[in-house]
Amino acid sequence: MANNNENKILNVPNLRFPEFSGEWVTKSINDLAVVIGGGTPDTTVKSYWDGEIQWFTPSEIGKNKYVDSSLRTITEVGLNNSKLLPPNTILLSSRATIGECSLSLRECATNQGFQCLVSKKCNVDFLYYLIQTKKKDLIRKSCGSTFLEISANEVRKIQVSVPSDVEQQKIAELLSLIDERIATQNKIIDKLKSLIKGIDEVVFQSCSKHCKLKEFDNQITAGRDKVEEGCFPLYGSTGVIGTTATPSYHEPLVLVARVGSIGCVQFVNIPCGVSDNTIVIRCGSKAKYVYYYLQNYNFERITSGTTQPLITAKDVKHIDIPIIDSANDLKAINTLDTLNMKLELESNLYNTILKQKAFLLQQMFI
C-alpha cells in the first residue's frame with residue numbers, strides 16, 4: 001500500500017494501492033445508484049404475510065456484509081405496499097441506526113426504515129464500503145422530532161469521491177476478505193453462545209432440589225459506591241463506569257442490573273466498587289454457579305414499575321435456584337468456565353478485526 005498523506009492538494013485517499021495514480025472524481029450518490037425506499041403491508045391482513053418474498057427491518061442488517069433470510073416474509077399481494085429490490089441491493093438503514101447496511105443476496109423488500117441503493121454506475125461492493133464511510137453525513141442530513149430519519153432526496157445528494165472501475169474492484173476485494181473473516185468470527189461466537197446456553201440448560205434442568213437464593217447467602221443488596229478518582233474499577237449495570245478510591249468488595253460477586261438493562265448479569269472477582277443501579281450478590285464459592293444460572297433467568301417475572309421498570313434486592317433474594325449436588329454437575333460448571341473464556345477470546349478477536357476494517361475505511365476512502 002502507498003501512503004499519500006503528503007499529497008494534500010490531490011483528491012486521493014491517504015492509503016492507496018501503489019499501481020494506481022490520478023485524482024478520484026467527485027460525484028453524488030444519485031450519479032452512482034438508484035435510491036429506493038420501503039414500506040410495511042397492513043399487519044392485520046393475513047394475505048399480505050408469510051409469502052415467498054424476504055422482507056427486512058433495520059434490526060436485521062449490519063452485522064454481516066450479506067443477508068439472505070429475513071425474520072418475516074410477505075406475499076406478492078403484500079408487495080403492493082413495498083417495492084421489490086433486485087439481488088445485490090444495498091439495504092441502507094435510514095432510521096434509528098442510520099447508516100447501517102448489508103447487501104441482499106436475493107430479491108427482497110424492506111420496511112420504511114430504509115433508503116436502499118441499487119448500483120447503476122459503480123462497483124456494488126465498492127459502493128457498499130463507500131456508503132459506510134458517509135455515516136456522519138447521513139446522520140447530519142437527518143431530521144425528525146420523534147426519531148431521526150434521512151429522506152431519499154438527501155441520500156441522493158450526498159457527495160462522494162470514486163476512482164476508476166479497476167481501483168474500485170481492487171479496494172472492494174481487499175475489504176471483502178476482511179468481511180469474510182468477520183462473518184466467520186460471527187459464526188464462531190454464535191456457536192459458542194449456543195453451546196454455552198445448551199449446557200447451561202441441561203445442568204440446571206437436571207437438578208431435583210431447589211432453594212431460595214437468599215439461602216445461599218443473605219448479603220444481597222444494591223450497590224452504594226459513587227464515581228471518584230481512584231485505581232479500582234466501579235461497576236454499573238452493564239460494566240465498568242468509572243473508578244473508586246476505596247473498594248467495597250474484595251470477594252467474588254454476581255452483579256445484576258437493577259434498572260435500565262434489567263437482567264444483565266456480570267461475574268466479578270477483583271476488588272471493586274458497585275453503583276446503586278446494580279444488585280450485588282455475595283455468595284462466596286457459589287458465585288460462579290449463581291452467575292451461570294442467572295444468565296438465562298427470566299427477570300421479567302420479578303420486574304415491577306411502569307414509568308421506570310426495576311427489580312429489587314428483595315425480589316432477587318426470592319429467586320428459586322437449583323441446587324447442584326453431583327460431581328458431574330460441578331464438572332459441567334468448569335466446562336462452562338472454559339467455554340466462556342473461549343468466548344471472551346473470540347469476541348476480543350472479533351473487535352480487533354472490526355477496528356482493522358474501520359481503519360481501512362477511514363484511510364482508503366475520501
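**A tour of selected side chains**

Start by selecting glutamate 19, which at 47% relative accessibility counts as partly exposed. The model on screen is predicted.

The whole structure holds 15 salt bridges. For another one, select arginine 95 and glutamate 149, whose side chains meet at 3.0 Å, N to O. Arginine 95 is in the loop between β8 and β9 (101-104), and glutamate 149 is in the loop between α3 (135-140) and α4 (152-157). Arginine 95 has a relative accessibility of 24%, and glutamate 149 has 24%.

Next, go to lysine 212 and aspartate 320, a salt bridge with closest N and O atoms 3.3 Å apart. Lysine 212 belongs to strand β13 (residues 210-212) and aspartate 320 to strand β21 (residues 320-322), so the pair ties together parts 108 residues apart in sequence.

Move to glutamine 54 in strand β5 (residues 49-56). Is this residue buried or exposed? Glutamine 54 is buried, because its relative accessible area is 8%, under the 20% cut-off. Its side chain reaches the backbone nitrogen of serine 70 at 2.8 Å. Its contacts beyond four places in sequence include Asp68, Arg106 and Cys108.

Finish at asparagine 81, in the loop between β7 (72-74) and β8 (90-92). Asparagine 81 is partly exposed at 35% and touches Gly39, Thr40, Pro41 and Tyr48, leaving out residues up to four places away in sequence.

Conventions
Residues numbered from 1 in each chain as written. Predicted model: local features only at pLDDT ≥ 70, side-chain atom pairs only at ≥ 80, totals over all residues. Heavy atoms only, no water. Helix = DSSP H or I, 4+ residues; strand = E, 2+ residues; numbered from the N terminus. Buried < 20%, exposed > 50% of the residue type's maximum accessible area, 1.4 Å probe, protein only. Contact = heavy atoms within 4.5 Å. Polar contact = N/O pair within 3.5 Å; in protein donor to acceptor, adjacent residues only side chain to side chain. Salt bridge = Lys/Arg side-chain N within 4 Å of Asp/Glu carboxyl O.
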